[in-house]
Amino acid sequence: CKILRCNSEYVAATLHLRGPGRGAAFCPALRSYSLCTRRTARTCRGDLAFHSAVHGIEDLMIQNNCSKEGPTAPPRPRPPAPNPQGFESLDICDYERSFLYKHGRPPGFQHCAAFGDPHIRTFHDDFHTCRVEGSWPLLDNDYLFVQATSSPVAKGSNATVTSKLTIIFKNMKECIDQKVYQAELDNVPAAFQDGSVNGGARPGGSSLVIWERSPGRHVEIRADYIGTTIAVRQAGRQLSFSIRAAEEVAWAFTEEQDLQLCVGGCPHSQRMSRSPRGHGRVPAETARALCREMLPVEDVYFQSCVFDVVTSGDTNFTMAAHGALEDARLFLPNAEKLHIFQ
């Protein structure tokens, strides 16, 4: 029974009709609706929604003085026909196009990043510097699991850096097999753990793809089936993670999945000040001069850069902060939120 398609076509045809002069377009839409229900009558005979629609059409035609004979509204453009496997990619494995088709507007997006010490930019645009030694979940929802493993930036230091990232794209039977991506220091592969570079042999396998942006240093993973893009980079002796996720995906978790650094930031006990005290490995003014070359705006990315260079003595951390800022520039839905000042 395809009565829901008739309903949606009628709603689409009349959505923008307002005012007393709407009858000229309203009656053709009602006649089209009636014609659609008649075509589905055989398969919808026992469906309550079908009978409700038929009676509703009769009442609306009487109220609006519509004749049963006359022109009908032009049909709404239909989505592309299924491919040979009987699979409608528009509806299932292209999230952005499907959302636009269903809601008449593009979806909203969220951005999260983890880089350097690590510093976390959450989906709420909060910004924390964390010690979080060991393994911590950045994301844990119905579609994705992302875990970052951190180790001390230098012997005897409280500061830590991300040394390993594990990303699990959970099984979505219409689109992809479950895929695991893992990056470690000096090993940022352009393939999943099973050696593949896409979502597998399912009809929507091409909706999950890995692109190598810089060999061994920067990969981008596009998961179009969930409207999500992930960047993984290595700069110096640390890994960084950035994500642009559809809002529906970012918030798809239960109360039990409460520990996610991208959602809540670092636990209070793990947060650090970005004003390093004591004797650093690089003088603060030297670090500021180095960071200013890559980050002319003195926002939290700049502050994080200075902190990391002072703490570690590694000038490659200027590249880590710069890469995170460039990812934010690409991924943030609202350019006005690019810079955070604290």
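Pro118 is found in the loop that links β1 (109-115) to β2 (119-121); helices (H or I, at least four residues) and strands (E, at least two) are DSSP runs, numbered from the N terminus. The peptide bond between Asp117 and Pro118 is cis, with omega about 10°. The model is a predicted one, in which local features need pLDDT of at least 70 and side-chain atom pairs count only at pLDDT 80 or more, while totals for chains, interfaces and linings use all residues. Residues are numbered from 1 along each chain as its sequence is written, and side-chain values use heavy atoms, with hydrogens and water left out.

Confidence is expressed as pLDDT, the predictor's confidence in each residue, from 0 to 100. The average over the protein is 87, and 89% of the residues score at least 70. The pLDDT is below 50 over residues 77-90, a stretch that has 19 contacts in the model beyond near neighbours in sequence; contact means heavy atoms within 4.5 Å. Where pLDDT is low, the predicted coordinates should not be read in detail.

An open sheet is formed by eight strands in the order β8-β9-β10-β11-β1-β2-β3-β12, with antiparallel pairing; two strands pair if DSSP finds at least two bridges between them. At its edges stand β8 and β12 (271-272), each of which pairs on one side only. Within this sheet, β2 and β3 run antiparallel and are joined by three bridges, and Arg121 stands opposite Phe127 in β3. The loop between β2 and β3 (127-130) holds Asp125, a residue other than glycine whose phi is positive, near 65°.

A further open sheet consists of four strands, ordered β4-β5-β6-β7 and paired in antiparallel fashion. Strands β4 (134-140) and β7 (179-184) are at the edges with a single partner strand each, so one side of each has no neighbour in the sheet. From one strand to the next, the twist averages 20°; axes are lines fitted to C-alpha atoms, for helices over the stretch in contact, and angles run from 0 to 180 degrees between N-to-C directions. The antiparallel strands β5 (residues 144-152) and β6 (residues 160-169) are joined by nine bridges, and Gln147 stands opposite Thr166 in β6. Asp186 lies in the loop between β7 and β8 (208-214); its phi is positive, about 65°, although Asp186 is not a glycine.

Helices α9 (residues 300-312) and α10 (residues 317-331) have axes that come within 8 Å and cross at roughly 160°. This makes α9 roughly antiparallel to α10, where angles under 35 degrees count as roughly parallel, over 145 as roughly antiparallel, 65 to 115 as roughly perpendicular and the rest as oblique. In the contact, Tyr301, Cys305, Asp308, Val309 and Ser312 of α9 meet Phe317, Thr318, Ala321, Ala324, Leu325 and Ala328 of α10. These residues divide into eight nonpolar, two polar and one charged; Ala, Val, Leu, Ile, Met, Phe, Trp, Tyr, Cys and Pro count as nonpolar, Asp, Glu, Lys and Arg as charged, and the others, Gly among them, as polar. Helix α10 also lies across β1, β10 (228-235) and β11 (238-246), and runs at about 165° to β10.
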